[in-house]
Amino acid sequence: GTLLRVTLGIALVAIGGCEEQARPPRTAGAGPAVSDAQEAQLLGELDAKYENPQVHYELARLYHKSRNYSKAAHHYDLAISFDPAFRAAQAGKIKLCVDRGQTADAEHFANSYIRQAGTAVNEMLRLGWEFEQVGLDTYALRCYRQALDAAPDASETNRQIGFYYAAKGDEAQAKQYLMRSFELNPRQADVAGALGRLGVVVQTPMEPEPTTTAPK
């Protein structure tokens, strides 16, 4: 009886080892594995509402990070189809093209989305910001320049370009745009703080003291 139990134990260990070895090795250079729980949660949300662009975008990001490029492209496209002005998904799709070495496609889609934003300064700044978040600085600057051409005296445009250059360590350009933004709108505490860190001392206007006189 003891010999049978030992033999059976050895056999089970051997089977377990075969199963472990039968798993295909991860491809060299493959991205991190997709979180099964996160994927299942997002797919469950799509079962409830398939036309939810945010969920498609989150799935696309998940697949993009794990280098499952085909699925990422599919869900970026679905996110944009359900929300044609989904700037984060547009930037993600172009970043995916760059990561796949499809530079011509990246340029094509970037031109299309920049044209779509048109001369709407807020939309152009949003798209530029999303490009910046995924490391597509060339396209981000193209958006910021176009926004500046459309509204050179918009404090928000100068502010965003100034912060862009500050993040890049280009102090001269950062000062130029942040000072212009502050001139246009001196009630920007964050701009004043950024200028202070760059060695430019400015003062935001004092808010008027609230009246203590009882209404008549």
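Visitor: In what order do the elements of the protein chain run from the N terminus on?

Guide: Keep in mind that this is a predicted model. The secondary structure comes to eleven helices and zero strands. Read from the N terminus on, that gives α-α-α-α-α-α-α-α-α-α-α.

Visitor: Is Lys93 buried or exposed?

Guide: You'll find Lys93 in helix H5, residues 87-99. Leaving out residues up to four places away in sequence, Lys93 touches Tyr76, Asp77, Ile80, Phe109 and Tyr113. Its relative accessibility is 13%, and since the cut-off is under 20%, Lys93 counts as buried.

Visitor: How far apart are the end C-alpha atoms of helix H6, and what span should its residues have?

Guide: H6 covers residues 103-117, so that's 15 residues at 1.5 Å a residue. The expected span agrees with the distance between the end C-alpha atoms: both are 21 Å.

Visitor: Where on H6 do its buried residues fall?

Guide: The buried ones are Ala106, Ala110, Tyr113, Ile114 and Ala117. Looking down the axis of H6, they fall within an arc of 100 degrees, so they line one face of the helix.

Visitor: Which exposed residues does the face of H6 turned away from the buried side carry?

Guide: The buried side of H6 packs against helices H4, H5, H7 and H8. Turn to the face pointing away from that buried side, and the exposed residues there are Ala104 and Arg115.

Visitor: Which residue follows H6, and what is its phi?

Guide: H6 ends at residue 117. Next comes Gly118, with a positive phi, near 60 degrees.

Methods: Residues are numbered from 1 along each chain as its sequence is written. This is a predicted model: local features need pLDDT of at least 70, side-chain atom pairs count only at pLDDT 80 or more; totals for chains, interfaces and linings use all residues. Side-chain values use heavy atoms; hydrogens and water are left out. Helices (H or I, at least four residues) and strands (E, at least two) are DSSP runs, numbered from the N terminus. Buried means under 20% relative accessible area, exposed over 50%, partly exposed in between (1.4 Å probe, protein chains only). Contact means heavy atoms within 4.5 Å. The expected span of a helix is 1.5 Å times one less than its number of residues. The arc is that of the directions from the helix axis to the C-beta atoms.
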